[in-house]
Every structure is written in structure tokens, then in C-alpha cells.
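Hello,

Here is the structure I promised to pass on to you. Have a look at it first, and then read on for what turned up.

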Amino acid sequence: MTEAEIIEKLQNGSEQAFKELVDKYQKLVVNTCFGMLHDKDDAEDVAQDVFIEVFRSVQSFRADSKISTWLYRIAVNRSLNFIRDNKKRKWFQSLDDTVKSKNAIFEKFTSGDSDDADFNLENNQRANVLHEAINSLPENQKVAFSLNKYEDLSYKEISEVMDLSVSSIESLIHRAKKNLQKKLYTCYKKKCI
Amino acid sequence: MKCKTIHKNLIFFLEGDLPEKEEKQIEAHISSCNECSAFAQDLKKTLGIIEKEKTTETNPFFYTRLKARLESQAEPAKVPFWKPVLVNIIQPVFFSILLIAGIYTGFKIATPVQVNTASVHYTSEEIFPYLNEMQSEPIEGFLME
């Protein structure tokens, strides 16, 4: 089924078309949400909200942009709203991270394969540091960087999703990388991994 | 090239965003500087996490869960006809009355009782033994007993 056919059938209320749309774009939406939220369960929840919004607002979809661009836009907006609505999560997240790292240490001592446990622990710590650095970026930089890195979108595709010029996206990603490097260098100096 | 310059451009070097000339200069510096080489390795490992995190598999229950959510949201819960009246009118009125009654009772309790003492006169002798019991029954007396 082509994109136009899917949209047409969706507008006629076809469940089969909706299933096809979900099967085709599930990975794209979940990955985009994950790039912003850094939590698999939250990313899946928000991805479901995205598809529900798509199902409800498909009548107003105009075929002048691609389905994927439309999905990216909804996914980004939903994820940003989720972050804004869950600022309190930060506190719980830090608590959760502490528990996770403690669990990792516990697993390290209880499992026989300590090399493997060391590797996992280091990776977890690296992931936490990276997520913290990405989360501290300004919203626009975070969106552009996440779409570029997690979804491998080109600057042109990101410019369509974010409704900005290609040069603005270039500048956003350049600044995002600089900020990330600064934060990761500080962490490296403090030996937080 | 100084280490400070390297640190500023290392991420662009790792991402392959630099012009060839600059790339070679950084490469040469890293091969001779342990500090920059260690940071480059660390940065590469940290950025490599992104590749590992990308979802490659799909959740097989995603569509089932999504459909269940859609169906549950499609059927609006039946609200009894009296519930909006209870929630929007009766409850606020009840709690307002309770609040006003509480404040009124509070004021009533706090008002000092007006006792007409004008006609009663006590002399200091009459009051003294009552107020100063300890003098008539000193504690030393009890202790001695």
C-alpha cells in the first residue's frame, strides 16, 4: 500500500490501514521518542499517544508532506510535552539511577562473570552521563541532535520536521555537539565514569 | 596544535565533520599525546552508546496495547446524571457551609465571657490564702513527715 492509499483508507476508517501504518512506522516513532526521553517504557507510551493522535486527526492531514515528517513532528511535540509535564520525574529518575547502579554493583559481585558485569556497569554509567548531557541541551538543539543521531535524518529532513532552514539546523547541531563535548569533558576530568 | 584546541574539536573529528587538513593535524596530535588520546577514546565510547540504544526490534504487543487503549478511550465512561450536580454544586456548598460554621464557632469560643464582678468585692486577705496554698502547707512540712 502506498502512503496516499494508507491515508485515504485511514480517512475512511479502515482498521487494516491503521495496522499497516503502525507496523510500518512503529520503530521510527519509538526511536524518535526514545531519543528525547531515554526510557524505553516512556518512549512506547508516548509512541502510542502519537498513533492515537494520528488516528484521530487523520482527516485534517493534507498530503503536501510525507507521513514520516508528520509522524516525526507529532512524536517530537508529544515527547517535549511529556518532558514538561514530568519535571518531577527528574527526582525519581535520579533515585532510580542510584538504585540501578547499586543493582549493577550487586549483580557484579553475585555473578560469576565479573568482566561482563564490569562492561555492563560501565555502559550503564556512560549511558546515564550521555543522557544527562543530552537532556541539559536547549530544546531545539536536543530535538535536532536526537533526530540526527537516533533517526539518522539528514539536515534537510530535520529542517522539514522542525520547520527551520537547513543552515539553522546545521548551526543547532554544531552547537549541540559543542555543548555535549564540553559536558562530557567536564565529566571525563571529574572521572565520573 | 594545543591540547585545548583538540578538546574543542574532538567531537567533530570523531564524527568526521572536519576538513582533511585539520583531521590529519588532530590525528597526529592524538598519536603523540596520551591525555588527548585517552579523552578521545572515552568520548568515542560514550557517543557509541547512541548506536547501541537504537531500537532494532519492535514490541510484538505494541499494536494490541494501542488498540486496547483506543477502544477504552473511544467509549466514554457513563457518568450518572446526578454526579455533575454533586461535584459542581452540592459539594462546594456543603464545604463552604462547614467552613463558615467552623469560623463562627471559633469566634464564639474565643469571645471572653463577660462576668459581672462589679458587685463582688474580695479583700486581699480573702484571696491570699487561696492563691498561696504553699505558704500554709509548705513542702518542707511534708518532707519532714
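Lys177(A) lies in helix 9 of chain A, where helices (H or I, at least four residues) and strands (E, at least two) are DSSP runs, numbered from the N terminus. Before going further, please note that this is a predicted model, in which local features need pLDDT of at least 70 and side-chain atom pairs count only at pLDDT 80 or more, while totals for chains, interfaces and linings use all residues. Residues are numbered from 1 along each chain as its sequence is written, chains are lettered from A and ligands numbered from 1 in the order in which they are written, and side-chain values use heavy atoms, with hydrogens and water left out.

Is Lys177(A) buried or exposed? Lys177(A) is buried, with a relative accessible area of 3%; buried means under 20% relative accessible area, exposed over 50%, and partly exposed in between (1.4 Å probe, protein chains only). Leaving aside neighbours within four places in sequence, Lys177(A) is in contact (heavy atoms within 4.5 Å) with Phe145(A) and Lys149(A) in its own chain, and with Ile11(B), Phe12(B), Glu15(B) and Asp17(B) in chain B.

One of these residues is also a salt-bridge partner: Asp17(B) pairs with Lys177(A), the closest N and O atoms being 2.7 Å apart. Asp17(B) sits in the loop between helix 1 (3–14) and helix 2 (20–32) of chain B, and Lys177(A) in helix 9 of chain A, so this pair joins two chains. The term salt bridge stands for a side-chain nitrogen of Lys or Arg within 4 Å of a carboxyl oxygen of Asp or Glu. A network of salt bridges links Lys149(A), Lys177(A), Glu15(B) and Asp17(B). As background, side chains of opposite charge can pair when their charged atoms come close.

**Where the two chains meet**

How many residues does each chain bring to the contact? There are 39 residues from chain A and 34 residues from chain B. The area buried between the two chains is about 3800 Å², and carbon and sulfur atoms give 58% of it; buried area is the accessible area (1.4 Å probe) that two parts lose on being put together, summed over both. On the side of chain A, Gln48(A), Gln181(A) and Tyr188(A) lose the most area to chain B, together 19% of what that side buries.

Between chain A and chain B the count is 10 salt bridges. Across the same interface, 21 residue pairs are in polar contact, both residues being at pLDDT 80 or more. A polar contact is a pair of N or O atoms within 3.5 Å; within protein, one must be able to donate a hydrogen and the other to accept it, and residues adjacent in sequence count only if both atoms are side-chain atoms. Helix 2 (15–37), helix 3 (40–57), helix 6 (114–135), helix 7 (139–150) and helix 9 (166–190) of chain A each supply at least two residues of the side that touches chain B.

**An arginine with two partners**

Arg126(A) forms a salt bridge with Asp42(B), with 3.2 Å between the closest N and O atoms. The side chain of Arg126(A) also meets that of Glu122(A) in a salt bridge (2.9 Å, N to O). Both Arg126(A) and Glu122(A) lie in helix 6 of chain A, four residues apart, about one turn of the helix. Arg126(A) counts as buried at 5% relative accessibility, whereas Glu122(A) is partly exposed at 27%.

**Chain A as a whole**

Chain A has nine helices and zero strands. Of its 193 residues, 44% count as buried. Among contacts in chain A between residues at least 6 apart in sequence, 60% join residues at least 24 apart.

What ties helix 4 to helix 3 in chain A? Arg78(A) and Glu53(A) meet through their side chains in a salt bridge (2.8 Å, N to O). Arg78(A) lies in helix 4 (residues 67–85) and Glu53(A) in helix 3, so the pair ties together parts that are 25 residues apart in sequence. Arg78(A) is partly exposed, with a relative accessible area of 31%, and Glu53(A) counts as partly exposed at 27%. Over all chains, the whole structure holds 18 salt bridges.

Enjoy exploring it!
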